[in-house]
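Q: Could you go through this model with me? I'd like to start with the charged contacts and then move on to the overall fold.

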Amino acid sequence: MQKYSQQVLAAEESDESFVQLTCQQKEMEKLELQKADLQTNCSQTAQVMNGEKENTLKQEVEMLSKKLIAVQQLVERKTKELQQEQEKQLQHEQETQVLHKRNSAQLLRLKMQIRQLQKEQLT
């Protein structure tokens, strides 16, 4: 059975009409692809002519513009928050420096008082 199938295939491949048939089938496939491309191109052209594509693009542009505005507002808000946090940090650093100076002065006064008391006790 398998031998017979191989003989039939070999005979078909050698037959000129079979070769022409396969070529025509390939040509038909190409033409069908071209037809599908032309139909999609035609429908796209019709959308452009009717203004559907323009409306779609306008809607997309509007949507992207709104997103851009929202992102810009978010960036501005975050920038303001960052500036406020930096100002708070600077203020805390200044307060800390003032406290260090105050504590240093108090410590110096206490040391002087202790030395004076020690001198008084010695004399």
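A: A definition to begin with: a salt bridge here is a side-chain nitrogen of Lys or Arg within 4 Å of a carboxyl oxygen of Asp or Glu. Keep in mind that this is a predicted model.

Q: OK. How many salt bridges does that rule give?
A: The count is 2 salt bridges.

Q: What does lysine 88 pair with?
A: Lysine 88 forms a salt bridge with glutamate 85, and their closest N and O atoms are 3.9 Å apart.

Q: And where do lysine 88 and glutamate 85 lie?
A: Both are in helix H3, 3 residues apart, which is about one turn of the helix.

Q: Which residue does glutamate 81 bridge to?
A: Glutamate 81 forms a salt bridge with lysine 78, with the closest N and O atoms 4.0 Å apart. Both residues sit in helix H3, residues 52-122, and they are 3 residues apart, about one turn of the helix.

Q: What about accessibility for glutamate 81 and lysine 78?
A: Glutamate 81 has 36% relative accessibility, so it is partly exposed. Lysine 78 has a relative accessible area of 44% and is partly exposed as well.

Q: Switching to the fold. How many helices and strands?
A: There are 3 helices and 0 strands. From the N terminus the elements run α-α-α.

Q: What is the radius of gyration?
A: The protein has 45 Å, whereas a compact globule of 123 residues would be near 14 Å. The C-alpha trace spans about 135 × 55 × 20 Å along its principal axes.

Q: How much of it is buried?
A: Of the 123 residues, 1% count as buried. The accessible surface comes to about 12100 Å², and 56% of that belongs to carbon and sulfur atoms.

Q: Something from another helix: where is methionine 49?
A: Methionine 49 is in helix H2, residues 16-50. Its relative accessible area is 68%, so methionine 49 is exposed.

Q: How far is methionine 49 from glutamate 29?
A: The two are 20 residues apart in sequence and 30 Å apart in space, C-alpha to C-alpha.

Q: Last topic, confidence. Where is it lowest and where is it highest?
A: Confidence is lowest in helix H1, residues 2-14, with a mean of 74, and highest in H3, at 94. Overall the protein averages a pLDDT of 87, and 98% of the residues score at least 70.

Terms used:
Residues numbered from 1 in each chain as written. Predicted model: local features only at pLDDT ≥ 70, side-chain atom pairs only at ≥ 80, totals over all residues. Heavy atoms only, no water. Helix = DSSP H or I, 4+ residues; strand = E, 2+ residues; numbered from the N terminus. Buried < 20%, exposed > 50% of the residue type's maximum accessible area, 1.4 Å probe, protein only. Rg over C-alpha atoms; globule rule 2.2 N^0.38 Å. Areas by Shrake-Rupley, 256 points an atom, 1.4 Å probe, with all protein chains shown as cover. pLDDT = per-residue confidence, 0-100.
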